[in-house]
Amino acid sequence: MEQQREGDQPTRHRHRRPPVGRRRMLTWLAVGTVTALGGGAVLRQSLAGADEPAAGPVPGPGPGGGTPTGHQHGPGAPPPASGSPQPAAPPPPVDQSGRKWSDAKGWGGRVPGPGSAVRITDKVVLDADVQVGSLLVERTGSLVFAADKSLTLASAGNVEVRGTLALAPDGAHTHTLRFPGIDERRFAGGGMTVVDTDTGLWVTGQGYLRLDGAPRTAWTRAATALKPGDTTIKLAAAPAGWQVGDELAVTPTAPPDTDGFSTSYDLVTVERVDGATVTLTGPLENAHPRVALGGGATFGAEVLNLSRNVRVEGTEQGRAHVHLTSSRPADVRHAALRWLGPRADGKESWNGKPVTEPVLGRYGLHFHMLLDTSRGTVVEGVVVRDTGSHAFVPHASHGITFRGCISHDTWEDAYWWDGPIDTRTPQGPSNDIAYEGCVASRTVFEPNPRGYRLTGFSLGAGTGSSARDCVAVGVQGAAGASGYEWPETSEGVWTFERCLAHNNLENGVFVWLNAEHHHTVTQYAAYHNGGWGIEHGAYLNDFDYTASVLYGNAAGGIAVHALGRDRGTVFDGLLIDAAGQSDYAVATLKHQLDGEPVTLSRSRLTGYRKAGVAFRATADGEPDDVAVLDCEFGGPPGSELWLDPGAPEPERILFRPAGRSQTVSLGKGGGGQGAAGTPWNAVTAPAEAPTPPRAVALPALAFTDSAPKTGRVTAG
């Protein structure tokens, strides 16, 4: 069967619409004056949800009376070069001068109610809780929630925004857009066009979405170890904006030999906030120890605030989605997006039950194929939680910054965009994506044994992208699952620094990339993962891992599958402490192709049960080509290295311990029969190293203990 791509429209639902009958015509409510309907043809188009093409900037005032916010590179103007800095257009003010929703005169004598298909062409202020059948905000219209009231708009069908939709309450009130009664079985999925059955929030044409909640510190770390029964949490810093009643998630930190080490979260509620001390309404159920990794780093559990006073949500029984194809950059700040990402039964079953699949293109927060029109977009302090599919998706949409965002308890890769259709096709790029202080927490898959290569952050194709000060914790999944992944056929060159992976069921970092470019990972920390701190493949690539700490990971610190492509991969200046959790600090595994050497240098390896470095490349692959230079070891003499008797004769293994000038090569000897009883299970011979001796360079980590500071949209 031909695989459908997200940009395509599904063949079984070609977005057909029934003709507008008299009954439906009567339920569609006029807005303002009769002339606002614009005639039957326009009315039918609106009822059908026909797509409005993305357009250039509007001359004159934009929706809501503000200045135009579209980029100055719409149709007819050349787009900026990808990767070039683009100043963000100023956000329009929130215009609350429109007529009140509750005023029946504005609706021709009757306020719309449940089942009404509402179309707005003028300025409207929502001043009361309402239920509608669906909502369309036309290009000339705006719907602004009154800032000084707690309000809920519930829509049984789609909400499409071609003009302006603004939820921007003051700090004492809450604005909610809810989609009740969704039947996920009806979803069709697809790409650019609005689909009647796929209920959610659609921002199309030149629509402007403003979700602008009160700022909260997205997350901070516990300053002390937490024990079962504790009812207070001392935080590393006083959080901004936390309120009584806020829901918190406390992340797991226990060692991987502890039951539930990757799933032992506590969900708790705030009773009181006194500076950096938070009192809870009930006790913690799990232990959350502080973990001293070395390298100057000690980490407490992350305490994630999942509450916001702007909310977009489906229900537990039916998940909605948010889909943006507008040419105007959205402002999405301090919003909680919940019960999104619908799923459908797939063709496979597990234990007698259908295995569900995500619906194509229907995700938590989805920027869809905006290219350069999304440049300058900032998504800040946003939570996507309890969601059945990807949380944050900048698909073929460039220049988006995600700052202080949280994905919690979501299915599929949390931070992601569309992958390639097969392993021979490169992934389409998203350029200049920035993840700053973002968290991927409890990422799951159904069923978990099928969650191969599930990840918190998929670091996909493109240029100019970065991940800084991020956290990946509690990612589930099977072989190759990880906190951070460089996926195959999806090469992007990322700035990756000060990122943390801990208590993931499998790996901290998983690289499965045959790379053409050089990649650098620095100031990375991984602790208490159930697999490797770094699992590095696939065949040939060039990576530099520097100034990083790997502590107490169950499989070990580093697994090396790939050999070098041109320059070779280098692990330099690392602290690898197995903390008694694994036999080896570093192990080589199957090499598919012959390549350039891998170098482990200026590092300290300790805490292993058997050996610092185990050479275990399998007999059906290429032999090891590895240099271990200027490293120090914390085990007894003779445990520094171990040559597996089942491994092939190496191409080259060079060893020069720290503080020594002589280099030796290791081999099996005896025609490949092994060298049992000799140091390192190997025979040695003098050799020349490619570099002169250097001192060990242990890392000094400089992590922050809180999410970056965030604020409200500045204009209006």
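The model on screen is a predicted one.

Tyr584 belongs to strand 51 (residues 584–588) and Trp642 to strand 56 (residues 641–643), so the pair ties together parts 58 residues apart in sequence. Is Trp642 buried or exposed, or something in between? Trp642 counts as partly exposed, because its relative accessibility is 25%, and a residue has to be under 20% to be called buried.

**A second ring pair**

The whole structure holds 24 aromatic pairs. For another of them, select Phe496 and Tyr524, a tilted pair with 6.1 Å from centre to centre and 50° between the planes. Phe496 is part of strand 40 (residues 492–497), while Tyr524 is in the loop between strand 43 (518–522) and strand 44 (525–527), so the pair ties together parts 28 residues apart in sequence. Both Phe496 and Tyr524 are buried.

Tyr435 lies in strand 34 (residues 434–436) and counts as buried because its relative accessibility is 0%. Beyond its neighbours within four places in sequence, Tyr435 has contacts that include Pro394, Phe402, Tyr415, Trp416, Trp417, Phe457, Cys470 and Trp494.

In soluble globular proteins, nonpolar side chains tend to be buried together. Here the largest nonpolar core has 110 residues, and Leu143, Tyr435, Tyr484 and Trp486 have the most contacts inside it. Strand 55 (residues 625–633) supplies the largest share of this core, four residues. Now centre on Leu143. Which residues is Leu143 in contact with, leaving aside its neighbours within four places in sequence? Among them are Trp101, Ile120, Val124, Leu126, Leu135, Val137, Leu153 and Leu165. A second, separate core has 24 residues, including Ala218, Phe299, Val473 and Leu500.

**Strand 30 and its partners**

Select strand 30 (residues 383–387), where five of the five residues are buried. Strand 25 (residues 336–338) pairs with strand 30 in the parallel sense over three bridges, and Ala336 has Val383 as its bridge partner. Strand 33 (residues 406–411) also pairs with strand 30 in the parallel sense, over four bridges. In strand 33, Ile406 stands opposite Val383.

Next, show the open sheet of six strands, in the order 14-21-16-17-18-15 with antiparallel pairing. Why is one side of strand 14 (219–221) and of strand 15 (232–234) left without a neighbour in the sheet? These two strands stand at the edges and have a single partner strand each, so one side of each has no neighbour there. On average, neighbouring strands of this sheet are turned by 35° against each other, direction ignored. Within the sheet, strand 17 (residues 266–274) and strand 18 (residues 277–280) are paired in the antiparallel sense over four bridges. Val273 has Val278 in strand 18 as its bridge partner.

**Charges over rings**

Select Arg99 and Trp107: Arg99 lies over the face of Trp107, 4.3 Å from the ring centre. Then go to Trp411, where the charged end of Arg319 sits over the ring at 5.7 Å from its centre.

**Backbone exceptions**

Most residues other than glycine have a negative phi, and most peptide bonds are trans.

- Trp339 has a positive phi of about 55°. It is in the loop between strand 25 and strand 26 (343–350) and is buried at a relative accessible area of 17%.
- Ala579 also has a positive phi, near 55°. It is in the loop between strand 50 (575–577) and strand 51 and is partly exposed at 32% relative accessible area.
- Glu446 to Pro447 is a cis peptide bond with omega near -20°. Pro447 is in the loop between strand 35 (439–444) and strand 36 (455–458).
- Gly537 to Ala538 is a cis peptide bond with omega near 10°. Ala538 is in the loop between strand 45 (532–537) and strand 46 (542–546).

**The whole chain**

Finally, zoom out. The chain has two helices and 59 strands, and 59% of its 716 residues count as buried.

Conventions. Residues numbered from 1 in each chain as written. Predicted model: local features only at pLDDT ≥ 70, side-chain atom pairs only at ≥ 80, totals over all residues. Heavy atoms only, no water. Pairing = 2+ DSSP bridges. Axes fitted to C-alpha atoms, helices over the stretch in contact; angles between N-to-C directions. Phe/Tyr/Trp six-rings, centres within 6.5 Å; stacked < 30°, edge-to-face > 60°. Buried < 20%, exposed > 50% of the residue type's maximum accessible area, 1.4 Å probe, protein only. Lys NZ or Arg CZ within 6 Å of the ring centre and 35° of its normal. Core = buried A, V, L, I, M, F, W, Y, C linked by side-chain atoms within 4.5 Å. Contact = heavy atoms within 4.5 Å.
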